[in-house]
Structures are given as structure tokens and as C-alpha cells.
Amino acid sequence: MKDLSGKNAVITGGGSGIGRGMALAFADAGMNVVIADVELSAAGAVQAEVEKLGVRGLAIETDVTKADSVEALAEAAYRELGAVHLLCNNAGVVTFGTIDQLTRADWSWVLAVNLHGVIHGLQAFIPRMKEQPGEKHVVNTASTAGMWPHPALAPYVASKYAVVGLSETLRMEGTGYGLSASALCAGNTKTKIVTSARNRLPEFGGPETTDEPAVEEAIQDGMEPEEVGRIVRQGVIDDLEYIWTHPDIRELADARLDAVRSSLDEAQKRNA
Ligand SMILES: NC(=O)c1ccc[n+]([C@@H]2O[C@H](COP(=O)([O-])OP(=O)(O)OC[C@H]3O[C@@H](n4cnc5c(N)ncnc54)[C@H](O)[C@@H]3O)[C@@H](O)[C@H]2O)c1
């Protein structure tokens, strides 16, 4: 989507971190922004920042784990703005622990937010966006953890691999409807992700404190979320299938692709 000015964006998890960074980057390009978040006060603070940039901001309390809540978000966005040109399915959370340590509630919560949250976004918005004339774009926030594994993050990794696959599929299905899609494969970004259990929903065990000093240090050494927002904005303009924030992770991507290629070589030899 080359021309962003005057168009409308909806960002889930827009009240903090990468979602806020994207809200500011898109508002700075002249887009009106709907900030959807389970934490309404955080969404309201970002709405005020967005409005200072001279565009319209809307803060809407949304729990992406609930299909009805995301449907209400879509209804409100179309009622207030008339069209949605950019959807960022960004809300996401993390739990820490090896596979033997994780509880069923850990799995359910992370998959409910990170995977079903994206599915709910697609179900609520894609039929409307397909009918809408002109260019449309969806950015689904995945992670480097959607491309290769990270120990002690199994539910997160599983959810993000799924988000990459959803994005690739949507990009194929959008052809002919002016609808494109990108997977945001972000690396460490300075956000509140480590303490995401602050918003753990009651049905998944309720809020928890997190004690992961090493991960917290790596995240606080990460990229500024405003910079991630600007990279995403350029990725939408350039219509990239994968938006990478940290190109220095290339070796890890190459290692995964090499492993896939060499196992295919073995399979070919076996079947020759
Ligand atoms: N920070 C990183 O290093 C990093 C790296 C790669 C990908 N990501 C991804 O970026 C996305 C944003 O995370 P962040 O790092 O900005 O963290 P963050 O905690 O700062 O922001 C996440 C936002 O999502 C909201 N949220 C949580 N549960 C929700 C729900 N059920 N419904 C609606 N909103 C909900 C939170 O209230 C918060 O405002 C996530 O998908 C995360 O997996 C983060």
C-alpha cells in the first residue's frame, strides 16, 4: 500500500510496546488509528499521543481471545471510520518454562491470545476488507520465534509458527481482492512483553508476576518500539511478505533453511 495518508488502521495490542510503535508510525504518516487493547487505560494514552499527530484516534477495549469482542471492534471501526485499510493483529503474550513444566492454562492462554486472537481478527475483518474497494493490508505480528525454535518458549513458538503460516496463506488468498499480508518477524524489542502475565485473563489463571531477569535484560537491550513501527510502515509500503527488524539474525535463518535443504537432499538420495 503505497499511499497511507487519510487511510485507517486498526491495531490490536496497540496500548503498549510494538503496537504503540506502529500506532505512532502510521499516525505520523497521516493514518487514523484504532487502538484496541484489553487494557483500556493504555489504549487511551496511545490515543492521546496519536491525536497529537493531527489524525483521528480511537481507543476500544478489546479482548482478542473472544470472537464477540473482536467482532464488536470491527463493527465499531467500520461504523466510525467507514473503512479499514490496514489491520495489525499484534496483541501477544508469553509464558516461560520447558514443555514438562508448562501447565494446560499456560498453553491455553498463549494460544488463545497469540493464535486465536489473530484468527478472530481475520474472521471479523477479512470479509469486510475483501468487499471494500482499493488496497488493503494485514500485518500479523509473529516473531523470530515464528521461524526457528527458542527453548522454554514452546507455546509462544507454536503460536508464532502458526501466525507465519496464516499470513502466508492470507497473502495468497488476497490476490484478486487488493488485499496483501505481511508477517512481522520481530527480534528483541524494548517492550513490556516479559511481564505480559500482568494481563493474564481470569479464565487462564489470572494476573501473575514474572521473574525472568535474563530475558528482561535482553528485551530491555532490544530495539526501540518506535523504530519497529517505522520498519513495519516501510514494510507495508513495500508490500513485504516478511518484515524483519533485526537482519543480524540471518545466520539463524540460514541454519534452519540449510537443515531443511540437507534433509530433503537425503530424502532425494533415499528415493533415487
Ligand atoms: N518485544 C519483543 O521482543 C517481541 C519480539 C517479537 C515479537 N513480539 C510480539 O509483539 C507483539 C506485541 O508485544 P510487545 O512486545 O509490544 O508487548 P507488550 O506487552 O508491551 O504489548 C502487548 C499488548 O497486548 C495487549 N494484550 C495482551 N492480551 C491481550 C488480549 N487478550 N486482548 C487484547 N490485547 C491484549 C497488552 O495489554 C499490551 O498492551 C506480540 O505479539 C509479541 O509476541 C515482541
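Let's start with a pocket. The second largest pocket has 13 lining residues, and Gly146, Met147, Trp244, Arg256 and Leu257 are those nearest its centre. Two or more lining residues come from each of α5, β7 and α8 (250-271). The volume is about 230 Å³. By type, the lining holds nine nonpolar, two polar and two charged residues.

A word on the source. This is a predicted model, where local features need pLDDT of at least 70 and side-chain atom pairs count only at pLDDT 80 or more, while totals for chains, interfaces and linings use all residues. Residues are numbered from 1 along each chain as its sequence is written, and side-chain values use heavy atoms, with hydrogens and water left out.

Now the terms so far. On a 1 Å grid over the protein atoms alone, a pocket is an open set of points with protein on both sides within 12 Å along at least five of seven lines; a cavity is a set where a 1.4 Å probe fits but cannot get out; lining residues have an atom within 4 Å of a point. Points join across faces, edges and corners, and a volume is the space filled by probe spheres set on them. Nonpolar means Ala, Val, Leu, Ile, Met, Phe, Trp, Tyr, Cys and Pro; charged means Asp, Glu, Lys and Arg; the others, Gly among them, are polar. Helices (H or I, at least four residues) and strands (E, at least two) are DSSP runs, numbered from the N terminus.

The largest cavity holds about 30 Å³. Its lining is Thr12, Val64, Asn89, Asn90, Ala91, Val113, Gly117 and Val118. Four of the lining residues are nonpolar, four are polar and none is charged. Helix α4 (residues 104-131) gives the most, with three residues.

On to strand β6 (residues 179-185).

What pairs with β6? Strand β5 (residues 136-141) does, parallel, over six bridges; pairing takes at least two DSSP bridges. Histidine 137 sits opposite serine 180. From β5 the chain passes through helix α5 (residues 154-174) to β6, a right-handed β-α-β crossover. Right-handed means that, with the strands pointing away from the viewer, the path from the first strand over the helix to the second runs clockwise. Strand β7 (residues 242-244) also runs parallel to β6, joined by three bridges. There, leucine 184 faces isoleucine 243.

Last, two loop residues. Most residues other than glycine have a negative phi. Alanine 152 has a positive one, near 65 degrees. Alanine 152 sits in the loop between β5 and α5, and is partly exposed at 32%. Aspartate 239 also has a positive phi, near 55 degrees. Aspartate 239 lies between α7 (225-237) and β7, partly exposed at 30%.

Technical notes:
Buried < 20%, exposed > 50% of the residue type's maximum accessible area, 1.4 Å probe, protein only.
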